[in-house]
Amino acid sequence: MKSSVSLLILSWVLVGACAPTHKVFPSKMTDNVDHNFDFSRWRMMTDGSESKKVQLGGRIVSSQASGGTVTIVVGQLPIVNHPAYGPKDNGKNNGDFVIVFQGHIDESDLQSGNRVMVVGTTRPWKVVTVNDYSRSFPIVEAQCLHFWNTQGREIADFPFYEAGYVSLRQETVCAKNATP
Amino acid sequence: MSGWDGMSCAANMMLMAVVLAISTTVVHKPALAQEASTGQKQVPAPTLLAQQAGPEPQTQGPSPTIQSSPGGISLEDLLLQKGTITKEEWLRIRAGEEYKVVEQSRRLDNLEDWKSKTEVLPILRDKVNFGLNALQFLYGHVNANVPEGKSQDSFSVRRAEMVFWGKLSDYLPRWHMLMEFQSTGLTSSTPTGNGSATVGSPSVATFFREAYIDVRPVQSWAPNLNFIRMGIFRMPFGIFTETSGGLRDIISSPYLNGVGSGKGNPTGSGGAIEFLQERDYFVDVRGKILNRLEYVVGIMNNNNFQANGIVSNTSGIGGANQPKAVYTRLRLFGDDVSFISFTMIQGTSNNAGTFINGRGKGHFDRYGVDFRFNPKFLPGFTMYGEYWQGHDGANATTVGTPANGACLDTAVCGGSGAPGMHRQTWYVLAKYLFTEGPLENFEPVYMYEEFDPNTRVSNDLYTRHIAGLTYYFENFPPKMQSKIQFNYEFRHHAGNGPGINYDSKTDPFANNAFFLQWQLRFM
């Protein structure tokens, strides 16, 4: 009995280790994404001459929703597979960018500190006003967004969160007119 | 052109001539002066004068820069050249400006100094954090008759818990401690002896409730093998046991955590019973496979949170009887927050030296199923429940009552004299949070539960309905949750088994109660 249980657990671990990383977006939405996209170089190119389909991750700094458009200022973070799939804080200021999304996003998903991933198209720099503060940012026009409601914590901190067990609430939203 | 027009035109021309003359003097002269200062040696360069006037100020920062006009010459230089100010005045002005620059540089140096100091503070590097897990003030009323000196109504601080945590590295992703600062009661361990022996004396009072270390041995194995956790913490037994006191939906704990009062009896139905302990000392492995199947496998002391392991640092003898138990839980997720779990606990228990009510000597097991359903199409609605069953060893006892062994002769072995028993309990809870409209932030909640202390005897069933209403002042779980809760409990207890005298009037589990609780939580 004990050996069969051990074998079962070992099998799960092996299957899990060999399995591909789970995806948060519909697979057709990530077609043609530039996987060699250089975020730092893009931030330096203020003219935005190149428009590319990208997948970026980060931490929500601030956000504002008005007139069916949601504007999210995001501090870029690298997307990692371990210890948990998603944007991971590397302790560095990698630079900010803005996600513009046409549609509705729940307020709880837009809390500062939440982790977010976006699939969308790069656009030229633009002055963006969020919470009465105007600044110029590089823009990503979002097709799909995925939120981890971490409230500033790491994704890997969940579900064994502090003094108890807390399931990490996640949400994926796509624009109505999103096309692969 | 009319006369007024002609006069106006002449006046305009005169005005323009004056403006032109002034601008020529003010704007063009400095340029000429600058050319003269660089091209003609007989005109002393103002900057040279400044250097001659005194020693260069001693600073550790960047070299001071003197503000000058865009043309490369400062206003005081110009005034000096035009003879408007004297050399002494020019020196005073320059000295004043240089002082300002030095002062600015000194302030920047101080800021840099503080920045370098604060950057390494542990609290800014996620190495040390602290928060208020739960501060709860409770008013309660229980309809049961109470003895002289006690009251049916009471104010109390239910929880006053501070939590501390941090991350040391990717390999040591978490340390954690939780302190309960409310007045903690003394706990008696169960002494050995028989029915004639004196009861145990208080041996433990602890406000130290949780402390654990997480180790993530190989980064690339996570989340499949996420981490190894060791210490004392909420056990991964179902939903309620693992839910922080600051995030619970009802005020009272379910009966699976603790029910009954008084001493045990030979039916196995009487006395206090702690079917599942909330905390224990353990080491386990946790992970998640294919983002759907979460597992926990571990071993624990099986003697509650009061039983800290080592009392003697020299002999290594433990402070309490600590029979071991292994446990495992598999949790299968339907989506990110809805799941079903299967839990198993196997091991031994002892009635001597125990800190858990209702435990006998011998084999011990628990099997549980729990679920949580939080549909995406109705985000405010949540439903969850647990079902548990398990065996306790013979001669179960209550904490502090002498017990020693599994024999059923209380004159010899103390305890309750009850044979081993099979217990069973379940509950289901549903709630709905209004997120808009006039009832925004209100959350009605309903729960029903049953606890059967011994499935082989009758007249011992505990049942309870809880109807509640919660209002959230702040509701950003898990970080913040400030709320006020009202619960009314409809309680019923059938008795302590057949043939046992039972007075329901004095049994708090057989009489209705209501509670009102304020809570703050911030982490």
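User: What percentage of the 180 residues in chain A do buried residues make up?

Analyst: Buried means under 20% relative accessible area, exposed over 50% and partly exposed in between, with a 1.4 Å probe and protein chains only; by that rule, buried residues account for 49% of the 180 residues in chain A. This is a predicted model, in which local features need pLDDT of at least 70 and side-chain atom pairs count only at pLDDT 80 or more, while totals for chains, interfaces and linings use all residues. Residues are numbered from 1 along each chain as its sequence is written, chains are lettered from A and ligands numbered from 1 in the order in which they are written, and side-chain values use heavy atoms, with hydrogens and water left out.

User: Which pattern does chain A follow when read along the sequence?

Analyst: Helices (H or I, at least four residues) and strands (E, at least two) are DSSP runs, numbered from the N terminus. Chain A has two helices and eight strands, and along the sequence they follow the pattern α-α-β-β-β-β-β-β-β-β.

User: How many disulfides does the structure hold over all chains?

Analyst: A disulfide is a pair of cysteine sulfur atoms within 2.5 Å, and the structure holds two of them over all chains. One joins C144(A) to C174(A), with an S to S distance of 1.9 Å. C144(A) lies in strand β7 (residues 133-148) and C174(A) in strand β8 (residues 170-174) of chain A, so the pair ties together parts that are 30 residues apart in sequence. C144(A) is buried at 0% relative accessible area, whereas C174(A) is partly exposed at 31%.

User: What is the torsion about the S-S bond of C407(B) and C413(B)?

Analyst: The sulfur atoms of C407(B) and C413(B) are 2.0 Å apart, and the torsion about their S-S bond is about 125°, so this disulfide is right-handed. The torsion for C144(A) and C174(A) is about 105°, so that disulfide is right-handed as well. In chain B, C407(B) is partly exposed at 28%, while C413(B) is buried at 8%.

User: How many residues of each class are in the lining of the largest cavity?

Analyst: Ala, Val, Leu, Ile, Met, Phe, Trp, Tyr, Cys and Pro count as nonpolar, Asp, Glu, Lys and Arg as charged, and the others, Gly among them, as polar. The lining of the largest cavity has seven nonpolar, one polar and six charged residues.
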